[in-house]
Amino acid sequence: MSQTLTNLYSAMLKTLVDRRAELVAEIEEINNQIVEIKQEAKENGINIAN
């Protein structure tokens, strides 16, 4: 029983770690898009606060 719980815990932890990596990658992509949008706005003379 203990080994089963250990295996379950390990599998759940791996899932969480993998999902965290996916979310970090998504956040980085969104941040890159924000930088691009701000740059385009600046080039077009549009002032975006923040």
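Which residues form a nonpolar patch on the surface? I looked this up to open the notebook, and found Leu5, Leu8 and Met12, with about 310 Å² of accessible area together.

**Ground rules.** I am working on a predicted model, where local features need pLDDT of at least 70 and side-chain atom pairs count only at pLDDT 80 or more, while totals for chains, interfaces and linings use all residues. I number residues from 1 along each chain as its sequence is written, and side-chain values use heavy atoms, with hydrogens and water left out.

**Entry: patch terms.** I noted that patches are made of residues with over 30% relative accessible area and no salt bridge, like charges being joined within 9 Å and nonpolar side chains (Val, Leu, Ile, Met, Phe, Trp, Tyr) within 5 Å. Accessible areas come from the Shrake-Rupley method with a 1.4 Å probe, and for residues only the protein chains shown count as cover.

**Entry: the helix.** I checked helix α1, which covers residues 2–43; helices here are DSSP runs (H or I, at least four residues), numbered from the N terminus. The 42 residues of α1 should span 62 Å at 1.5 Å a residue, and I found its end C-alpha atoms 61 Å apart, which agrees. The expected span is 1.5 Å times one less than the number of residues. Just after α1, Gly45 takes a positive phi of about 75°.

Entry: Met12 is found in α1 and is partly exposed, at 49% relative accessible area. My scale calls a residue buried under 20% relative accessible area, exposed over 50%, and partly exposed in between (1.4 Å probe, protein chains only). Thr6 is also in α1 and is partly exposed at 39%. From Thr6 to Asp18 I count twelve residues in sequence and 18 Å in space, C-alpha to C-alpha.

**Entry: salt bridges.** How many salt bridges does a search of the whole structure find? The search gave me three, each defined by a side-chain nitrogen of Lys or Arg within 4 Å of a carboxyl oxygen of Asp or Glu.

- Lys14 pairs with Asp18, with the closest N and O atoms 2.7 Å apart. The two are four residues apart in α1, so about one helical turn separates them. Lys14 counts as exposed at 52% relative accessibility, whereas Asp18 is partly exposed at 35%.
- Arg19 pairs with Glu22, the closest N and O atoms being 3.0 Å apart. Both lie in α1, three residues apart, about one turn of the helix. Glu22 is partly exposed at 42%, and so is Arg19 at 38%.
- Arg19 also meets Glu26 in a salt bridge, 3.7 Å from N to O. Glu26 is partly exposed, with a relative accessible area of 43%.

A reminder to myself: an α-helix has 3.6 residues a turn, so residues three or four places apart point the same way.

**Entry: the negative patch.** Which residues form a negative surface patch? I found Glu29, Glu36, Glu40 and Glu43. Asp and Glu count as negative, Lys and Arg as positive, and His and the chain ends are not counted. The place of a charge is NZ of Lys, CZ of Arg, CG of Asp or CD of Glu. Glu29 lies in α1 and is partly exposed, at 43% relative accessible area.
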